[in-house]
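Please walk me through this structure in short steps. Start with the strands, then turn to the aromatic rings.

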Amino acid sequence: MTGGTLSRRQALAGAAGGLGIALAGAAGADPAPPSPSLQALARSKGMRFGSAIAAGPQGSRPEGGTIDNPAYAAVVARECGLLVPENEMKMQALRPDPATFDFRRADRLMAFAADHALDVRGHNLLWHNTRWLPAWVNDFDFGSRPATAAEKLLTTHVDTVCRHFGTRIKSWDVVNETIDPATGAMRDTVLTRHLGDRVIDIVFHAARQALPDCQLVYNDYVEWEAGNETHRAGVLKLLERLRRDGVPVDALGLQSHIGGDSDLTGPAGAPQEAAWRRFLEEATGMGLDLLCTEFDINDRAFPGDPARRDAVSADYTRAYFDLTLSFPQVQDVLAWGMVDRFSWLNGRAPRPDGLPRRPCPYDRDDQPKPMRAAIAAAIQAAPPRSAPHAPHI
Ligand code: G3I
């Protein structure tokens with residue numbers, strides 16, 4: 001495969017057996033853990049590799065991709081240098097009501113990270129979408145001076161959370177997903193009703209004030225497939241506005257949920273490589289760093305046969321990271337979970353054939369898949385990062 005170039009035809013050819021990537025971990029392979037680890041490979045290039053992990057109950061997945069599952073924790077500890085809590089630092093998790101901050105689950109995750117000498121990213125200070133705000137925020141009584149009350153709600157939250165974790169967290173997703181992919185405009189919430197677009201400015205300024213040396217990230221699911229054009233344009237417009245207004249945003253988090261909810265094998269799922277490159281050039285042209293914050297692949301429409309499916313996913317993985325990691329501004333790569341059976345995608349629309357999904361670098365038996373080898377190969381092929389781009393790394 002040529003670096004950063006993938007067509008649907010090539011992906012399917014790869015699935016038919018023409019892959020240039022070692023199928024480490026495929027059925028019958030040596031069960032010994034792959035070496036060097038993804039973090040060791042990343043570190044050799046001046047990067048970090050990490051994953052989401054959970055500390056609390058996982059709802060419909062009770063055994064969960066959590067620190068309490070020894071097999072899962074072992075995979076994460078072995079492969080990663082960096083963690084991000086899948087849910088535990090969200091406002092919904094930390095704030096059961098307006099008066100309470102409950103850090104217990106997040107603190108368990110911080111302790112796990114410390115025990116294994118892992119860095120932690122914060123996710124997130126404000127998920128600016130009515131659906132993901134706590135119900136008490138959506139129902140909040142903002143009183144007779146609503147703008148003042150809304151600003152206070154935000155600054156109290158950001159200040160308290162940032163100071164609780166302090167300098168142990170050197171990179172925060174400050175605002176998550178505020179751009180509506182359908183329109184490219186800011187989402188309307190109860191907060192914008194009183195503060196307008198200033199919601200975003202207030203949160204970034206409060207984070208900078210609490211943690212002056214922390215990397216402050218805007219995180220969103222602007223992906224490289226067709227269908228993301230309006231979303232990408234909207235995010236660039238927001239970032240330009242923030243830079244113009246002196247709002248302290250340091251980096252753009254590329255969630256990297258490849259495929260989103262779309263059918264990757266159809267025209268709507270075609271990677272737009274030239275447009276993706278332009279998008280990354282425009283973001284970095286503003287002086288922003290980049291991170292891949294939530295990588296996984298929606299394999300809903302890929303072939304049923306596990307080996308063929310894994311081959312297609314590995315080809316997508318390699319092509320995506322070959323292009324994206326060619327930007328030295330990307331220093332952190334995180335998977336949104338390492339093991340198939342705990343992926344959040346298991347809760348989405350099932351595959352038409354009813355087969356279990358395979359969205360992660362490791363399979364349901366904690367064995368590495370071709371996707372893991374593709375990530376390793378892309379990291380090995382990436383240009384070395386000569387020096388950190390920002391003081392927080
Ligand atoms: O823990 C409760 C459980 O007590 C309760 O019984 C159950 C009932 O539904 O819910 C459980 O909480 C669920 C939680 O995951 C833990 O499993 C929530 O309902 C569910 O909404 C939540 O989903 C998370 C989602 O964000 C919303 O917060 C996913 O795990 C998580 O993977 C997903 O992550 C997001 C990123 O934060 C932002 N980018 C997209 C990414 C994928 O959607």
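In which sense do strand 2 and strand 3 pair, and over how many bridges? The model is a predicted one. In it, strand 2 and strand 3 (residues 119–127) run in the parallel sense, paired over two bridges. Across this pairing, Leu83 stands opposite Val120 of strand 3.

Strand 2 also pairs with strand 1. Strand 1 covers residues 48–53, and the pairing is again parallel, over four bridges. Here Ile53 has Pro85 of strand 2 as its bridge partner.

Now look at the two faces of strand 2. In a regular strand, side chains alternate between the two faces of the sheet. Strand 2 spans residues 82–85, with Leu82 and Val84 on one side.

Next come the rings. A pair of aromatic rings is described by the distance of the centres and the angle of the planes. The model has 14 aromatic pairs. One of them joins Phe101 and Phe103: their ring centres are 6.0 Å apart and their planes meet at 15°. Planes under 30 degrees apart count as stacked, so this pair is stacked.

Phe103 has a relative accessible area of 10% and is buried. Phe101 has 24% relative accessibility and counts as partly exposed. Phe101 also has a charged neighbour: Arg95 lies over the face of its ring, 3.9 Å from the ring centre.

Elsewhere, ring pairs build a cluster. Its members are Trp224, Trp276, Phe279, Phe295, Tyr320 and Phe321.

Technical notes. Residues numbered from 1 in each chain as written. Predicted model: local features only at pLDDT ≥ 70, side-chain atom pairs only at ≥ 80, totals over all residues. Heavy atoms only, no water. Phe/Tyr/Trp six-rings, centres within 6.5 Å; stacked < 30°, edge-to-face > 60°. Buried < 20%, exposed > 50% of the residue type's maximum accessible area, 1.4 Å probe, protein only. Lys NZ or Arg CZ within 6 Å of the ring centre and 35° of its normal. Pairing = 2+ DSSP bridges.
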